[in-house]
Amino acid sequence: MARLANWLRLAVLTGAAALLAAPAYEAVAGVDLPKLERGKGEKCVEDTQFIRRNHPDLLKHQRDDTLRKGIRTTRHSLKKCVECHAGEKSGSVASSKEDFCAACHSYAGVKLDCWDCHATKPGKKPVQQAAQPAASPLMASSPKGGSK
Amino acid sequence: MSEPIKQQNQADAGPNPSGERRAFLKAGAAVTGALVAPGVLLYGVAHSRAPEEGASANKRWGLLIDTSKCGDGCNDCVTACNTENGLNGKTGPQDNQWIRKLNVKDLRTGFVQNLPMMCQHCEHPPCVDVCPTGASMKRADGIVLVDRHTCIGCRYCMMACPYKARSFVHEPLTEQNPEVPRGKGCVESCTFCVQRVDRDQQPACVEACNAKGHQAMIFGDLKDPESALSKALKTVDSVEVRADLGLNTGVRYQGI
């Protein structure tokens with residue numbers, strides 16, 4: 001008898017625990033992970049896990065190098081991120097909640113102020129000179145020299 | 001007095017004071033020159049710097065403006081600037097103008113002149129001196145910029161600038177040019193179209209002025225004696241605006 005009672009008690013406790021645990025589990029998993037659109041390129045410039053953790057540092061380093069030193073490499077440039085990750089529908093990385101940057105940052109609750117100044121859309125390609133002259137217009141031997 | 005000269009020598013010698021490397025480089029340069037053609041310097045071969053190279057202190061970008069060719073009512077440089085940099089073109093007290101077209105009148109004679117006024121890219125910029133956060137800065141090649149990442153919008157630099165070249169962004173902006181990030185709460189001014197200069201193009205204003213046939217602006221490297229700008233500066237009488245301040249501006253005017 002005693003064994004049966006013990007077994008029953010255990011069953012009741014387990015059931016109660018399961019009932020109690022269920023809502024708690026719901027609360028933890030309340031928000032779905034953001035579903036991100038795949039970028040347009042083959043693969044990211046860095047390993048996914050690395051870029052997930054380190055993209056702020058990479059961008060910060062790049063911005064100082066570009067603005068202050070005039071180093072214009074594109075590997076970690078924000079403009080290139082935008083070109084690759086702009087959403088199919090919106091054409092932007094942050095104009096709707098489904099867009100690449102906005103989706104993850106709203107999930108993580110981290111406010112972004114990149115887009116106060118930077119364009120969220122790729123925009124037009126810079127116009128390259130149609131026919132590259134033998135010498136650039138800034139070079140000394142430019143045929144169209146301005147000396148009068 | 002001997003110390004600066006000593007420093008100069010050290011800088012010349014570079015990391016290898018033995019001089020062997022220098023001799024080798026000189027020999028290499030001589031061979032290259034001979035290959036091209038005697039007496040012809042083919043600067044075009046050594047075209048734009050690599051992206052990872054960065055701005056060099058061996059250059060200083062400058063601009064010469066011939067006010068006699070600057071037409072009354074002509075706004076081509078301003079329009080080109082607005083298009084390139086995403087400005088709305090309004091000229092109110094709270095609007096952003098990177099180039100202002102000015103009419104200057106001699107009150108005694110009534111003689112009127114036109115000139116574009118923008119950031120003069122000083123060698124000793126007062127805006128950089130007063131900036132409390134280091135946001136206002138001068139690049140190695142002499143272009144004066146605002147780092148919006150550190151600008152707190154205090155506007156000291158606007159007060160310090162003798163040329164009224166800077167303006168403050170009062171309203172939130174959208175649809176910026178991807179190459180020219182701009183936003184509310186920061187001070188900004190002419191950048192010599194640094195994004196274009198870095199890929200060997202001329203600033204938008206200069207390109208527009210020349211494309212429309214006015215030819216009132218020459219942009220180039222002040223440190224290169226062979227540049228069109230340096231040659232022009234050698235032959236015409238040009239002045240700095242407010243030369244009394246001793247700022248050694250990168251922008252110079254002819255005919256005022």
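**Close-up views of a predicted model**

View 1. B:Cys193 is found in the loop between strand S7 (187-188) and H6 of chain B. Take a look at its backbone: phi is positive here, about 50°, although B:Cys193 is not a glycine. Is this residue buried or exposed? B:Cys193 counts as buried because it has 24 other C-beta atoms within 10 Å, and the cut-off for that label is 20 or more. Bear in mind that this is a predicted model, here and in every view below.

**View 2. Another non-glycine with a positive phi.** Now move to the loop between H7 and S8 of chain B, the place of B:Gln215. B:Gln215 isn't a glycine either, yet its phi is positive, at about 55°. How do its surroundings count? There are 15 C-beta neighbours inside 10 Å, so B:Gln215 is classed as partly exposed.

View 3. Strand S2 (residues 99-105) and strand S3 (residues 112-118) of chain B run antiparallel, and seven bridges join them.

**View 4. The largest nonpolar core.** This core has 52 residues, and those touching the most other members are B:Ile65, B:Cys77, B:Cys81, B:Ile99, B:Cys205, B:Met217 and B:Leu229. Which element gives the most? That's H7(B), with five residues. As general background, nonpolar side chains tend to be buried together in soluble globular proteins.

**View 5. Zooming in on B:Ile99.** Setting aside neighbours within four places in sequence, what does B:Ile99 touch? Its contacts are B:Cys77, B:Val78, B:Cys81, B:Pro116, B:Met118, B:Cys190 and B:Cys205. There's also a second, separate core, made of 11 residues, with A:Ala86, A:Val93, A:Ala94 and A:Cys114 among them.

**View 6. A bent helix in chain A.** Where does helix H2 (residues 48-69) of chain A bend? Look at A:Asn54: the bend there is about 70°, and a proline, A:Pro56, follows within four residues. Further along, A:Gln62, A:Thr66 and A:Leu67 are buried. The buried residues of H2(A) pack against S5 of chain B. Just after the helix comes A:Gly70, which takes a positive phi of about 75°.

View 7. Stepping back, chain B holds eight helices and 10 strands, and 36% of its 256 residues count as buried. Of its contacts between residues at least 6 apart in sequence, 59% join residues at least 24 apart. The average pLDDT of chain B is 86, with 81% of the residues scoring at least 70. Over residues 1-19 of chain B, though, pLDDT stays under 50, and the model has two contacts beyond four places in sequence for this stretch. Residues 40-46 of chain B are also below 50, but they have 12 contacts in the model beyond near neighbours in sequence. For the model overall, the scores are ipTM 0.76 and pTM 0.75.

Technical notes:
Residues are numbered from 1 along each chain as its sequence is written. Chains are lettered from A and ligands numbered from 1 in the order in which they are written. This is a predicted model: local features need pLDDT of at least 70, side-chain atom pairs count only at pLDDT 80 or more; totals for chains, interfaces and linings use all residues. Two strands pair if DSSP finds at least two bridges between them. Helices (H or I, at least four residues) and strands (E, at least two) are DSSP runs, numbered from the N terminus. A nonpolar core is a set of buried Ala, Val, Leu, Ile, Met, Phe, Trp, Tyr and Cys residues joined through C-beta atoms within 7 Å. A residue is buried if 20 or more other C-beta atoms lie within 10 Å of its own, exposed if 12 or fewer, and partly exposed in between; C-beta atoms are placed from the backbone. Two residues are in contact if their C-beta atoms, placed from the backbone, lie within 7 Å. pLDDT is the predictor's confidence in each residue, from 0 to 100. The bend at a residue is the angle between axes fitted to the seven residues ending there and the seven starting there.
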